[in-house]
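Colleague: Hi! Could you walk me through this one while I have it open on my screen?

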Amino acid sequence: MGGAGADFGHIPVLMDEVLSHIVRPMTRSVLDATLGAGGHAEAILKAMDQVRLIGMDRDDMAIAIARRRLAPYGDRATVARADYSHIGRLLDEQGLAGVDAILMDLGVSSMQLDDPARGFSFSHDGPLDMRMDRSGPVSARDLVNSADEKELVRIFREYGEEKNAPRIARAIVNQRAASPIETTGQLAAIVAACSFSPPGRRRIHPATRVFQAIRIAVNKELELLGRSLETAVDRLNPGGRIAVISFHSLEDRIVKRAFQRMASSCVCPKGVPVCVCGQKPRVQVITKKPVAPSEEEAESNPRARSARLRVAERLAA
Ligand SMILES: C[S@@+](CC[C@H](N)C(=O)[O-])C[C@H]1O[C@@H](n2cnc3c(N)ncnc32)[C@H](O)[C@@H]1O
């Protein structure tokens, strides 16, 4: 399983676990909302001859790779560059009222992280960019050089859970007053210089959390997710399943809460004596706890270590 796809630059995570939840006799149509290199998508097409797959991604490079990879499947696979906040529009264009399964494998791909020109990683020096959609209006360079100090502190705290946020924000503001911060290497060095722990005692690179936070802010990753999950569930056929893989606790919390909300029979505020919301449960949560990778997978693919899978099933109306 996992090894398949390394030649496309990204090893799909939790492959067996995803397939075990969505390969079912009823499955005729699948939406992969985060196509990446198309590893999960190809495995889905291989596992079920009867399936039509619609794949979307907001990254034009991912789309080019996935298109090439899925070409042998002819009209069983449709590939489109689009943001998953536009799931409804894409399915309308394809003439599909609903699908039987939806996969969202969130976050960044190895192709994005490993390409210095994309500016996602502190391990490779490159221009500070981090946009998944390269036509997007705000790059990491724009954000780092123009957000005010308070906003930088908020971003580092909220999206990076970075304890050292004020000190790092101050160092950035001081540096950019002299000259703009242009590269991932410059930013990583500024953050590392603010770190309190000596290099030998660090578990992770001191810039890890700040880079994660900037990436989340630039791509508005958390803002789009909750609403997109609701739209996705709206477009699932009864009995259809949504499988979501997240890579950090902020994302996983949004997925968990969205599933809980949609599984609930009442969303009235606490303290309301009688239910007035009239909500009916829309899903049943299939994974009571998030599914983590096996030891073997975590060992062979370090990027899988933080992956967590949650699955919910659409109930009949
Ligand atoms: C972890 S990769 C997916 C890898 C894929 N499952 C595979 O097997 O190759 C995540 C992908 O989601 C895409 N992505 C992230 N946020 C998105 C959004 N809001 N809309 C569409 N695609 C998004 C990224 O561009 C990236 O290619």
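Modeller: Happy to; we can go through the domains, their interface, the ligand and the salt bridges. Keep in mind that this is a predicted model.

Colleague: Which residues in domain 1 lose the most area to domain 2?

Modeller: Those are Glu 221, His 248 and Leu 250, which together make up 47% of what that side buries. Glu 221 also pairs with Arg 215 in a salt bridge, where the closest N and O atoms are 2.7 Å apart.

Colleague: Nice. How many salt bridges does the rule find across the interface of domain 1 and domain 2?

Modeller: There are 2 salt bridges across that interface. The rule for polar contact gives 4 residue pairs there.

Colleague: Switching to the ligand, how many residues surround it?

Modeller: It has 23 residues around it, and the closest are His 40, Asp 57, Tyr 84, Asp 105 and Gln 112.

Colleague: What about distances? Start with His 40, please.

Modeller: His 40 places a polar side-chain atom 2.8 Å from a nitrogen atom of the ligand. For Asp 57, an N or O atom of the side chain is 2.7 Å from an oxygen atom of the ligand. Tyr 84 uses its backbone instead: a polar atom there is 2.8 Å from a ligand nitrogen atom.

Colleague: Back to salt bridges, then. What does the count come to by this rule?

Modeller: The count is 20 salt bridges. One of them joins the side chains of Arg 58 and Asp 83, at 3.3 Å from N to O.

Colleague: Where do Arg 58 and Asp 83 lie?

Modeller: Arg 58 is in the loop between strand S2 (52-57) and H3, while Asp 83 is in the loop between strand S3 (77-81) and helix H4 (87-93), so the pair ties together parts 25 residues apart in sequence.

Colleague: Great, thanks for the tour!

Key:
Residues are numbered from 1 along each chain as its sequence is written. This is a predicted model: local features need pLDDT of at least 70, side-chain atom pairs count only at pLDDT 80 or more; totals for chains, interfaces and linings use all residues. Side-chain values use heavy atoms; hydrogens and water are left out. Buried area is the accessible area (1.4 Å probe) that two parts lose on being put together, summed over both. A salt bridge is a side-chain nitrogen of Lys or Arg within 4 Å of a carboxyl oxygen of Asp or Glu. A polar contact is a pair of N or O atoms within 3.5 Å; within protein, one must be able to donate a hydrogen and the other to accept it, and residues adjacent in sequence count only if both atoms are side-chain atoms. A residue is near a molecule or strand if one of its heavy atoms lies within 4 Å of it. Helices (H or I, at least four residues) and strands (E, at least two) are DSSP runs, numbered from the N terminus.
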